[in-house]
Amino acid sequence: MKYKTFAAFVGPSIFLMLLFIAAPLVSVFMQSFYVTQPIFETVEVETCTPGFPTQTCVTETKTQPVLGDDGRVVTAVRYVGLESYRNVLEPERALAALSALNFNALLTIDFWKALRFTLTFTLVTLPLVIGVGLAIAIAVNNASRLIRGPIIFVSLLPFIITPVIGALSIRWLFIGDGIMTAFLEWWLNQDIAMFAQGWTIELLMMFYRVWHVAPFAFVVFYAGLQTVNQDTLESAVIDGASRWERLRFVIIPHLMPLIIFISLIHLMDSYRVFEEIVGFSSQAYRISLQWLTYDLLTPDDSGNRSISRASASAMLTMVGIIVLLVPLLRRTWRDHRGGRL
Amino acid sequence: MLKKLLLAGAMSLAVTGVAAACDFENTVPVKSLSAGFEAWKAVTDAMAECGDFEAELDQEFRTKQPAAFAANPSLYQIGGVANGTMVPLLNEGTIRPLDDLVEKYGQNLTPNQLIKIDGQVMAIAMMVNAQHLMYREDIFNDLGISVPTTYDEVLEAAAKIKEAGIVEYPIGGTFKTGWNLGEEFINMYLGMGGQFFADDNTPTIDNEQGVATLDMLKKLTAFMDPEYLVSDSTYVQQQFQQGKIAMANLWASRAGAMDDPNESQVVGKVKMAGAPKAAERAASTLWWDGIVIAKNASDEEAEAAFRVAMNGMTPAMVEANNDVAVWLIQGYEPGPLAVGVVETAQAGALPYPASSQMGLMHTALGNGVADYLTGAKDAETTLKDIAAAYTTSAKEAGLIQ
Amino acid sequence: MSLPRSMQQPTALRLTSAGFLTFWCLLAAFPIFWIAVMSFKDPIDAFSSNPVSVIFGPETVATGRGLSIVSIVVGIAFLWYTVHLALNTLPRLIRDMTPPHLMIAGWIIGPLVFAILFLIVFLGILPPVLSAVNAVLGPLGKPILGLTTEHYQAVWVENEFYENFINSLIVTAGVVLVSLTVGTLAGYGLARSGSSLAFWILIIALVFRALPHSVLVAGYLPPFINSAEILKPILGEAAPTLYGKPWAVIAVLVSINQPFTIWMLRSFFQNIPNDLDEAARVDGCTHFQAFRWVIMPVMWPGVITTGLFSFLLAYNDYLVCSLLLDAQNQTMVPAIAGYFNRETTTTDQVEAVAAAVSIIAPLFLLIMIFQRQIVSGLTAGAVKG
């Protein structure tokens, strides 16, 4: 294909991605090295607010930004180098904790706490999603044709429903005296509060993620199973391969590209875990990297947001994702090379 | 079903017909952006009677408001703000003084409604809100407990209720990590007589009052549902309604729901009182909600916007929505539900000390206090870490040199 | 079944497999079933800790709102029949009735008509007929299962949720159409070009897909709000304020979704034999003509599947829509978050649950109708990974 034709085909897509993904990304990258601050002045201000029976007036010194001639706040942009990264990573405290082998101290630093949770979350749910997805796919494939349709339909439900709603629906089952908690209390005969300690919330979040994503893995694997070469399977049977051996040596190798595809998608999606933190309000116990960025970006009541630190934290998250993806990307690269030769 | 739909339609038409009580016909397009709670709904509905008015009740208004008001022309003429959310607008100079408009159209306003900064009216308040004590009168009477006025009495009462085993958890608390928990700390710390900042904006929470505050919060949690770190005001309100808790320091705007027969199983049993005192004064802060007018709008738009806003804050509106909030507007009949706020104010509770620094401190507290309550850190370390977190953000914002 | 003996399953395996599937289906459906039940009850019943009162709703029945046995039986029969129609008759009808080049329109209009008909019969015709029947039947016609639709009325009539619904439809339809148009072109170009450039575009797209959305989205807000000022030198007075415009959000969502779309479509196109368009090119077609006349007719399974994923992304999006749309143009998912964030009462919460169920319902219908297309589309394409 000529370069020009190629450009014409790919152009619109590239343009959109450059405008709406690459451009913000570049600005985030730049912002992580600069801070923008208003010029402040200190003034005496009298503020009167409602009170009973009459207004209360307070005079206090306030630090407030200086307004320029155009009526806008005068700001100064300052190059700070890696300071924002240092503020996020807190290397001195982290190193001190590490050299004392005190992991609890390390985990009191937001970034490391978030990294710990994000990595655990990603790496624990990955095999579960693939395993559960594969198990359902094989079970459905073995089921009679009559009931396959309804089962596929029901299985897809957790995947299609809006993530926020899915997380809330699970939360309602467990929070306070939600019926699932009530059931567990009756079954185990002890008082249970699922949202009162970190590890139970973490379990719930992982459960929700597997519940939500396994159907996607299932439907992809199920589609893959439809193309398994029946001749190979039959010859394996003739060779006396047991059911397990057929699964191990014929079916799984056949599905391998799909398993990699699902792993890739799942690694990317779960590394930026966010909905679960909000849906299960786990901030007190567990936070994730994307939540950390989001929290830094959310303005407080007085409109402050830590843009520079948020940018630094976002860049660090990205580096993490790329590191996780490298092994899978190298494989794609080899395939690409091989495909061309 | 269809018939019902039609009926509903007819009813809403009829209501519009009766309540069309705007004193002028608005022809200048006016838009407002505010939070989305019930009182705003009531006020903006009344404003809409004037015509050519669009209200936006948006849960993202904190993010959108400063940016939308800084645009030229401003995307909204009217903004709904509270103590805290007025700060960025004031700092960036995107709202206008209202003195001349108040003089022209503000005949119905009471002096208490005028929010003055250095003598200039910058906002018009419509309601106040504060966290104050709500308690189950029946339980307190049965056990012969008098209404606690200090936090030590709260703990005693809670211990008695726990012993009697009448409810699952004696105390409810809006201790959800983040804004809610930060607010609880601020209430208690101010009640203990604490100071947040030195003159150069450096934090001063790492002191005895800070430790005493954390200590008291932790003592309270011993009587709470163990899931307190995820319980916000809606959840506490629900616990009250289901009869699971006996008292809580809850927002005045929630008081009405206790007597709603559709939701509550404790109708008529929940009574209001002022916020209990900590060492120094009532451990609560006073909040107000009100409107501001954009600076980046033409004078004509601003005038129309102000007149529309005034038509939202009428005695007729208050009459129709008396129990929705503790109104500051003329015509409000303070019912039993308003007792809590008034008593809290009289017990010396301070207005929420909104400022840029306070915003940063609130966030740092909201994220940091939980570590002490869960036992991950001791009190001194917790306070030191919160102070450090605040210092980092304040340096980044340029508040500390 | 003419399977060879050795391929048949031993009973134990069958039982395990059946048990596992039953368990999974329960697990998959239960939370959704449960919020659906909650949405029809009084607040006191809905948040009761006793599951029996949530299901039967004693408080709701006590106020005289509920279903009798007869109503339940008729209702279930009707629902069953609807599912049957949606799964079997509807796809066949659409295939038979629409000319091939209008297939997409057929697949959009068919389900819409079906959904509207269903709503008219289920909500408009059945209730009055059944209440007349119940009045005659006596004890059999007495309500036993608490059920009230007042929360749905509050959501759809009083709170005008249909406006959010229409906004959601606009955004979703826009995203699916634009995303597929741009994506098929790019996917085809990437599949047919073996150059290193194509490879690197794909890898960079993959990295883009991995980006946390909150970072991007927060960056959009200031330029979107000030776009009128920013674009004035270029566009003059016609410069639009992008904030609050559905088409601007469509552009954002399309871009965010582009990496996934082009990866999916590329693998579909790779599975369409190269000889097909080579032959057309030998006959003198340009690449575009080959694409239009040779590839387009055979690419539908892949496009439908990819389109469904775009649909889910746009329909379920929260972060982008909540920040970049104003209330007049707000879509459904951010709109229900409003129920939670404002000073919520318990009634508000049940209304939010009703709204949530309303949001899920169209997805139900969608999956019912497209289920086979998803599987066959994935079978056709994604096997290569």
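In which sense, left-handed or right-handed, does α6(A) cross α1(C)? The views below come from a predicted model, and the first one settles that.

**View 1. Helix α6 of chain A against helix α1 of chain C.** Here α6(A), residues 145-160, packs on α1(C), residues 11-38, at an angle of about 50°, and the two axes are 8 Å apart. That angle makes α6(A) oblique to α1(C). As for the opening question, α6(A) passes α1(C) in a left-handed crossing. On the chain A side, the residues to look for are A:Ile151, A:Val154, A:Ser155, A:Leu157 and A:Pro158. Facing them from α1(C) are C:Leu21, C:Trp24, C:Cys25, C:Ala28, C:Ala29 and C:Ile32. Sorted by class, this contact has 10 nonpolar residues, one polar residue and no charged ones.

View 2. Strand β4(B), residues 114-117, pairs with β5(B) in the antiparallel sense, over four bridges. To get your bearings, find B:Leu114 and its bridge partner in β5(B), B:Ile124. Two residues sit between the strands of this hairpin, and B:Asp118 takes a positive phi near 50° there.

**View 3. Further partners of β5(B).** Staying with β5(B), we can go through other strands of chain B that pair with it. Next is β7(B), residues 245-251, which runs antiparallel to β5(B) and is joined to it by five bridges. Four bridges link β5(B) with β8(B), residues 270-273, again antiparallel. B:Tyr135 is handy for finding your way around: its bridge partner in β7(B) is B:Met247, and its bridge partner in β8(B) is B:Lys271.

**View 4. Where chain B touches chain A.** Across this interface, 56 residues of chain B are in contact with 42 residues of chain A. Several elements of chain B supply at least two residues each, among them α3, α4, β4, β5 and α16. Which element gives the largest share of the chain B side? That would be α14(B), with seven residues. By class, the chain B side that touches chain A divides into 23 nonpolar, 22 polar and 11 charged residues. Strand pairing crosses between the chains too: β2 of chain A, residues 40-49, runs antiparallel to β4(B), with two bridges joining them. Zoom in on A:Cys48, which stands opposite B:Lys116 in β4(B).

View 5. The buried set includes B:Phe61, B:Pro66 and B:Phe69, along with B:Arg62, B:Lys64 and B:Gln65. B:Ala67, B:Ala68 and B:Ala70 are buried as well. What do the buried residues of α3(B) pack against? Within chain B, they pack against β1 (30-34), β3 (78-82) and α4, and chain C contributes α10 (213-225).

Definitions and conventions: Residues numbered from 1 in each chain as written. Chains lettered and ligands numbered in written order. Predicted model: local features only at pLDDT ≥ 70, side-chain atom pairs only at ≥ 80, totals over all residues. Axes fitted to C-alpha atoms, helices over the stretch in contact; angles between N-to-C directions. Parallel < 35°, antiparallel > 145°, perpendicular 65-115°, else oblique. Left-handed = near helix turned anticlockwise from the far one by under 90°. Contact = placed C-beta atoms within 7 Å. Nonpolar A, V, L, I, M, F, W, Y, C, P; charged D, E, K, R; others polar. Pairing = 2+ DSSP bridges. Buried ≥ 20, exposed ≤ 12 C-beta atoms within 10 Å, placed from the backbone.
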